[in-house]
Amino acid sequence: MKSLHLADPSDLQKLAAMVLSFHAERGYGSDQAHVEGALAPILDGMPHGAIWLIGPRKAPVGYVMVSFGWSLEYGGLDAIVDEIYVRPAVRRRGMGGDALHQLSVGLREAGVCAMHLEVDRSDDRAQQFYRRNRFKMRDGYALMTREL
């Protein structure tokens, strides 16, 4: 099943609605202006990331946002799955896993050496999902953040 479609500026409104739903679910407190301001540069082609719609292009059921960086450890371009979201009504049907698989294949073919993500240490369900999709916890490492 081909479930990923690269988003473009025409997808801003449907993406913003899904991002706001995800952020509300997670308790992030984002508003429409914040979300649209973060989405617009990526949708306009900023090279630091990309967003794919999950499911039918006209009626997507989710999205995955990836940002790009460079890793000496992994030997080149790497990607961070910043967010992956599937609407609650259609979760547990394999669409998220299919999207991560397609994404990993496409990124590998484009020269990306590693794909990373952040997961809540207390969210066993999410950790199991990511393990099923071949992500591994890195022993001895923890993500640390400094807001600027």
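Predicted model: local features only at pLDDT ≥ 70, side-chain atom pairs only at ≥ 80, totals over all residues.

Biologist: Which residues of H2 are buried, and where do they sit around the helix?

Modeller: Val35, Leu39, Ile42 and Leu43 are the buried residues of H2. Looking down the axis of H2, they fall within an arc of 90 degrees, so they line one face of the helix. On the other side, Ala33 and His34 are exposed. So the buried residues, seen down the axis, sit on one face of H2.

Biologist: What covers the buried residues of H2?

Modeller: Both helix and strand elements show up here. The cover includes strand S2 (49-54), strand S3 (62-71) and helix H1 (12-26).

Biologist: Which residue caps the N-terminal end of H2?

Modeller: Look for a side-chain oxygen by the backbone nitrogen of alanine 33. One lies 3.3 Å from that nitrogen, and the residue it belongs to is aspartate 31.

Biologist: Over to the largest nonpolar core, then. Which element gives the largest share of its residues?

Modeller: That core has 22 residues, and Trp52, Ile54, Val64, Leu100 and Leu103 touch the most other members. S2, S3, strand S4 (76-86), helix H3 (95-109) and helix H4 (124-132) each supply at least two residues. The largest share is five residues, and it comes from H3.

Biologist: And how many residues does the second core have?

Modeller: The second core is separate, and it includes Ala16 and Tyr85. Val35 and Ile42, from the buried set of H2, are also among its members. Its size is 16 residues.

Note on methods. Residues numbered from 1 in each chain as written. Heavy atoms only, no water. Buried < 20%, exposed > 50% of the residue type's maximum accessible area, 1.4 Å probe, protein only. Helix = DSSP H or I, 4+ residues; strand = E, 2+ residues; numbered from the N terminus. Arc of directions from axis to C-beta. Contact = heavy atoms within 4.5 Å. Polar contact = N/O pair within 3.5 Å; in protein donor to acceptor, adjacent residues only side chain to side chain. Core = buried A, V, L, I, M, F, W, Y, C linked by side-chain atoms within 4.5 Å.
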